[in-house]
Amino acid sequence: LVKGFTTMELTRWPGVECIYGGEFRKTDVFSAQTEDGNKRWAALRDRVIEHNIRVIAKYYTRASTQRLTELLDLPSDDVERFLSKAVVDGTIYARIDRPAGVVNFAKPSDSEDQLNGWASDVSKLLGLVEKTTHLIAKEEIVNKIARAI
């Protein structure tokens, strides 16, 4: 169970419930007969869903709400509720387009960051051009010396 939370992979709640539910529900902590046990069981379910939302936000830049309901094994209303809670808590960045049924996880970059990225790319390109020019000149000199000998 801990490995499921420490790796950046989806941990499906039905699988967790199937594998660990029988043993966990027998303990006093997650007992089905007590109100506290049921609250803790619901809290574990919520943490699994929150972990899955963080994983999805890391690997997806855009996903349909239908796909999220499949990945999270939740109805669409619950998906939106958990997404909204994660955004309010500052855990993830997401924008929900309800009419289109799409969730955007990609944070828009401001113009300064975009210009800095382009400047960096141009600088790398110029460095490659300079290195290529140097290697071509070196090759020409080596060929001239080889022809002279």
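Predicted model: local features only at pLDDT ≥ 70, side-chain atom pairs only at ≥ 80, totals over all residues.

Let's start with Thr-6: is this residue buried or exposed, and what is its relative accessible area?

Author: Happy to. Residues are numbered from 1 along each chain as its sequence is written, and side-chain values use heavy atoms, with hydrogens and water left out.

Now to your residue. Thr-6 is exposed, with a relative accessible area of 59%; buried means under 20%, exposed over 50%, and partly exposed in between, using a 1.4 Å probe and protein chains only. Thr-6 belongs to helix α1, residues 2-6. Helices here are DSSP runs of H or I with at least four residues, strands are runs of E with at least two, and both are numbered from the N terminus. Although 45 residues separate Thr-6 from His-51 in sequence, their C-alpha atoms are 9.4 Å apart in space.

Stepping back, the chain contains six helices and three strands, and from the N terminus they follow the order α-α-α-β-α-α-β-β-α. The C-alpha trace spans about 95 × 40 × 25 Å along its principal axes. A compact globule of 149 residues would have a radius of gyration near 15 Å, whereas this chain has 27 Å; that radius is taken over C-alpha atoms, and the globule rule is 2.2 Å times the number of residues to the power 0.38. Of the 149 residues, 23% count as buried.

What gathers in the interior? The largest nonpolar core holds 17 residues, and Ile-53, Leu-68, Leu-83, Ile-92 and Phe-105 touch the most other members. Such a core is a set of buried Ala, Val, Leu, Ile, Met, Phe, Trp, Tyr and Cys residues joined through side-chain atoms within 4.5 Å. Helices α3 (35-59), α4 (65-72) and α5 (76-89) each contribute at least two residues to this core. There is also a second, separate core of six residues, with Val-16, Phe-30, Leu-44 and Val-48 among them. Leaving aside residues up to four places away in sequence, Ile-92 touches Ile-53, Arg-54, Ala-57, Leu-83, Ala-86, Val-87 and Phe-105, where contact means heavy atoms within 4.5 Å.

Glu-50 is found in α3 and, at 18% relative accessibility, counts as buried. With residues up to four places away in sequence not counted, Glu-50 touches Phe-82 and Lys-85. Asp-36 also lies in helix α3, but this residue is partly exposed, with a relative accessible area of 44%. Between the C-alpha atoms of Asp-36 and Asn-104 there are 36 Å in space, and the two are 68 residues apart in sequence.

Asn-104 takes us to the sheet. Its three strands are in the order β1-β3-β2, forming an open sheet with antiparallel pairing; two strands pair if DSSP finds at least two bridges between them. The edges are held by β1 (62-64) and β2 (95-97), each with a single partner strand, so one side of each has no neighbour in the sheet. On average, neighbouring strands are turned by 20 degrees against each other, direction ignored. Strand β1 is joined to β3 (residues 102-104) by three bridges, and the two run antiparallel. Here Arg-62 stands opposite Asn-104 in β3. Helix α4 packs on the sheet, touching β1 and β3, and its direction makes about 85 degrees with that of β1; axes are lines fitted to C-alpha atoms, for helices over the stretch in contact, and angles run from 0 to 180 degrees between N-to-C directions.

Asp-97 lies in strand β2 and is partly exposed, with a relative accessible area of 35%. Its C-alpha atom is separated by 32 Å from that of Asp-121, which is 24 residues apart from Asp-97 along the chain. Asp-73 sits in the loop between α4 and α5 and is partly exposed at 32% relative accessibility. Most residues other than glycine have a negative phi. The phi of Asp-73, by contrast, is positive, near 55 degrees.
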